Amino acid sequence: MARELWEGNMAIAEAAVRAGLEAFFGYPITPQTEILEYLSRRLPELGRVFLQAESEVASINMVYGAACAGARVMTSSSSPGISLMQEGFSYIACSEVPAVVVNLMRGGPGLGNVAPSQGDYFQAVKMAGHGDFHPIVLAPGSIQEAIDLTILAFDLADRYRTLAMIVADGSLGQMMEPAEMPPMRPVRPPGERPPWALTGARGRLPNVITSLYLAEEDLEQVNLRLQAKLRRIAANEVRWKEYATDDAELLIVAFGTVGRICQTVVREARAKGLKAGLLRPVTLWPFPSTRIAELAARVRGMLVVEMNAGQMLEDVRLAVEARCPVRFYGRLGGMIPLPDEILPQLEAMDAEV
Amino acid sequence: MQEEILISGFGGQGTLFAGQMLAYAAMDAGFHVTWIPSYGPEIRGGRSRCTVIISDQEIGSPLVRHPSAAIVMSIPSMEAFEPAVRPGGVLVVNASLIPMRSQRPDLRVLYVPALEMAMELGSTRVANMICLGALVQAMSILPLETIEQAMDRYLGEPHRQWLSLNKEALRRGASLAMQ
């Protein structure tokens, strides 16, 4: 397969098509409208469904409905739009239907701006909606990874009958990079819907999909089942990337766009004789806590870098359990931290820990 | 080897397109490459720029504060990015719209009367390709032919009528840089 120059938004959209996406429901918002634009042409061309809903609330409920019918389904949005979808995320999680959501985060809070941000980490990882659940959260750092993780998101959503969320930011969405697109998977034929799907109860008892359990005992059982599933996901689906960690004395932890920026920081630090390394979480939930704890036992210190006020920082600190000092550097409001401002942070830590 | 090229101007001057052709050529030549535009609430005539990074190793940060080369197509771009280019780098100035001289003796500066040269070819729309030709020639990162081949391969159907004009513009820019 040849490498082609793909723009991030379009790469995610085409990867979803290749993964067998049958239906997309969404509402435009910068910086991810290109996903809708691309799919509005591409899906009808393939005889599949593209629908621009009247709002994000409508989009996510259409996603919920299509997922209940056993379709491979997705929506995408950006921060304010994702906030509007949160009720639906919770219903999807409790109903245990698979769905994929893409959030190209933008500067917040509020209407904010359209610049790159990682301000929705807490929202994605800790509180994607009301009640006790976590979506699987995937954070690509390159266009190739955006493609690969989009495919993976569909597979994980199916395997665990859960919500899988891809979080990135507008800079990844707008950037172009050579990448390889996987071959087209066939769309699942209507006769091969999952056994739990609502496909019309001809010749069988009706399936019931709901998130309403009025009896406390029933809802507790549902919750226990969901928690057992989350433990299975946490045990099996943690993913991360490491750069130059073998002999690292100082470890940077950063995800997504900032993660790849910190690769440059590690290179520049090494050129100056600083033994720096990088751990880039690929799954934000489940979080690579065990690996971070292992590294905490042997590095002098960790520097967490994010485009927010310190959100993943809390998960790093929980994993480190004070085994080593943890420092933080962040930019806000859509500002992107560049290597020449991160490296001095690392050097300062080197002098102090 | 890593080169970072910033191309900046007004929306409509073809800065993003010029950067894309450079990125395609670099990819086909086997390099790692990133192309990243500035984006935001855009207006015609507003600022427009992109950064292209070409490297023989995996690219970390797709953005740099100090690129190794820049094409500036407008006065605001000149003011913003002339000071940013790394010492020893290349600066291509669209002299048709930018009357001032560079204050940077540590750069190789090329003053390109891109609009006049483009008008000689029959369309002001190829001023971007004239500047790109000058840059590619001055930096010797890629042979000029790789950009021409990239145009052959990737220029979209509606734009193919402009193919030979774009190539000619590229060559004119390059020959200016050779002088």
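Which residues does T30(A) touch, not counting residues up to four places away in sequence? In this predicted model, the answer is S78(A) and V114(A). T30(A) sits in the loop that links strand 2 (23–26) to helix 2 (33–45) of chain A. Its surroundings hold 19 C-beta neighbours inside 10 Å, so T30(A) counts as partly exposed; a buried residue would need 20 or more.

Stepping back to chain A as a whole, its secondary structure comes to twelve helices and 14 strands. The radius of gyration of chain A is 21 Å, close to the 20 Å given by the globule rule for 353 residues, so chain A is as compact as a globular protein of that length. Along the principal axes, the C-alpha atoms of chain A fill a box of roughly 70 × 50 × 40 Å. Of the 353 residues, 52% count as buried. As for contacts in chain A between residues at least 6 apart in sequence, 80% of them join residues at least 24 apart.

Helix 1 (residues 8–18) is mostly covered, with nine of its eleven residues buried. Among them are G8(A), N9(A) and E14(A), along with A11(A), I12(A) and V17(A). After helix 1 of chain A comes G20(A), which has a positive phi, near 100 degrees. Strand 10 (residues 250–253) of chain A is the other example: L250(A) and I252(A) point one way, L251(A) and V253(A) point the other way, and all are buried. Strand 10 of chain A pairs with strand 11 (residues 276–281) of chain A in the parallel sense, over four bridges. Within that pairing, L251(A) has G277(A) in strand 11 as its bridge partner.

Chain A splits into domain 1 (4–198 + 225–236) and domain 2 (240–352). The contact between these domains takes 27 residues from domain 1 of chain A and 21 residues from domain 2 of chain A, and the C-alpha centres of the two lie 27 Å apart. On the domain 1 side, the elements that give two or more residues are helix 5 (121–125), strand 6 (136–138), strand 7 (163–169), helix 7 (170–174) and helix 8 (216–236) of chain A. Helix 5 of chain A gives the most to this side, with four residues. What kind of residues are these? By class, the side of domain 1 of chain A that touches domain 2 of chain A has 17 nonpolar, nine polar and one charged residues.

Turning to chain B, there are six helices and six strands, and from the N terminus on they run β-α-β-β-β-α-β-β-α-α-α-α. The radius of gyration of chain B is 15 Å, close to the 16 Å that the globule rule gives for 179 residues, so chain B is as compact as a globular protein of that length. The C-alpha atoms of chain B fill a box of roughly 40 × 40 × 40 Å, taken along the principal axes. In chain B, 47% of the 179 residues count as buried, and among contacts between residues at least 6 apart in sequence, 57% join residues at least 24 apart.

The two chains meet in a contact that takes 17 residues from chain B and 20 residues from chain A. On the chain B side, helix 1 (15–28) and strand 2 (32–37) are the elements that give two or more residues, and the largest share, five residues, comes from strand 2 of chain B. This side of chain B divides into eleven nonpolar, five polar and one charged residues.

In soluble globular proteins, nonpolar side chains tend to be buried together. Here the largest nonpolar core has 167 residues, and the members that touch the most others are I252(A), I130(B), C131(B), L132(B) and L135(B). This core draws at least three residues from each of domain 1 and domain 2 of chain A. I252(A) is also one of the buried residues of strand 10 of chain A. Leaving out residues up to four places away in sequence, C131(B) touches I71(B), M73(B), V92(B), N94(B), V112(B), A114(B) and G173(B).

Methods
Residues are numbered from 1 along each chain as its sequence is written. Chains are lettered from A and ligands numbered from 1 in the order in which they are written. The radius of gyration is taken over C-alpha atoms; the globule rule is 2.2 Å times the number of residues to the power 0.38. A residue is buried if 20 or more other C-beta atoms lie within 10 Å of its own, exposed if 12 or fewer, and partly exposed in between; C-beta atoms are placed from the backbone. Two residues are in contact if their C-beta atoms, placed from the backbone, lie within 7 Å. A nonpolar core is a set of buried Ala, Val, Leu, Ile, Met, Phe, Trp, Tyr and Cys residues joined through C-beta atoms within 7 Å. Domain bounds come from an automatic or database domain assignment. Ala, Val, Leu, Ile, Met, Phe, Trp, Tyr, Cys and Pro count as nonpolar, Asp, Glu, Lys and Arg as charged, and the others, Gly among them, as polar. Two strands pair if DSSP finds at least two bridges between them.
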